[in-house]
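User: I'd like to learn how to read a few features of this fold. Could you walk me through them?

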Amino acid sequence: MRKLAAAIAVLMILLFAIPLVLLKDSEKEPEKDLRPDTDISIEVYMCDIDKVVTMNLEDYILGVVAGEMPAEFHLEALKAQALAARTYTMLRMRQFGGSGCSKHPGAEICTDSTHCQAYR
């Protein structure tokens, strides 16, 4: 399982980080186009309100990073956490072949830190 997670992390870096660096150095693409796709939605079971909510993936990731580590941490640590959170989330999402949240049918992921990921 650890080998699979490591392989997925390397693949995500190759797929996302390297092309972004190349695009950033390119004069053809403006920097504002380097943001992750913001049109992806996710079904999140919000434990505090006992309800499944549809939200933007990047908004969810922002809440996960806030829930998983203090904002005072080094910027590179926050970036690494965002990458790990996005990878974990996308592996759960049905549209990418995941099985969703096993604890909360109808949701792809939940905000229970003991089951999926913390969220603030």
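Analyst: Helices (H or I, at least four residues) and strands (E, at least two) are DSSP runs, numbered from the N terminus. The model is predicted, so local features need pLDDT of at least 70 and side-chain atom pairs 80 or more, while totals for chains, interfaces and linings use all residues. Residues are numbered from 1 along each chain, and side-chain values use heavy atoms, leaving out hydrogens and water.

User: Where is Asp 50, and is Asp 50 buried or exposed?

Analyst: Buried means under 20% relative accessible area, exposed over 50%, partly exposed in between (1.4 Å probe, protein chains only). Asp 50 sits in the loop between strand E1 (41–46) and strand E2 (51–56). Its relative accessibility is 56%, so Asp 50 counts as exposed. Its phi is near 55 degrees, a positive value in a residue other than glycine.

User: Which residues of H2 are buried, and what covers them?

Analyst: Among them are Leu 57, Tyr 60 and Ile 61. The cover includes E1, E2, helix H3 (75–92) and strand E3 (109–110). For contact, look for heavy atoms within 4.5 Å. Setting aside residues up to four places away in sequence, Tyr 60 touches residues including Ile 42, Val 44 and Tyr 119.

User: What about the largest nonpolar core?

Analyst: A nonpolar core is a set of buried Ala, Val, Leu, Ile, Met, Phe, Trp, Tyr and Cys residues joined through side-chain atoms within 4.5 Å. The largest has 22 residues. E1, H2, H3 and E3 each give two or more residues to this core, and H2 gives the most, with five.
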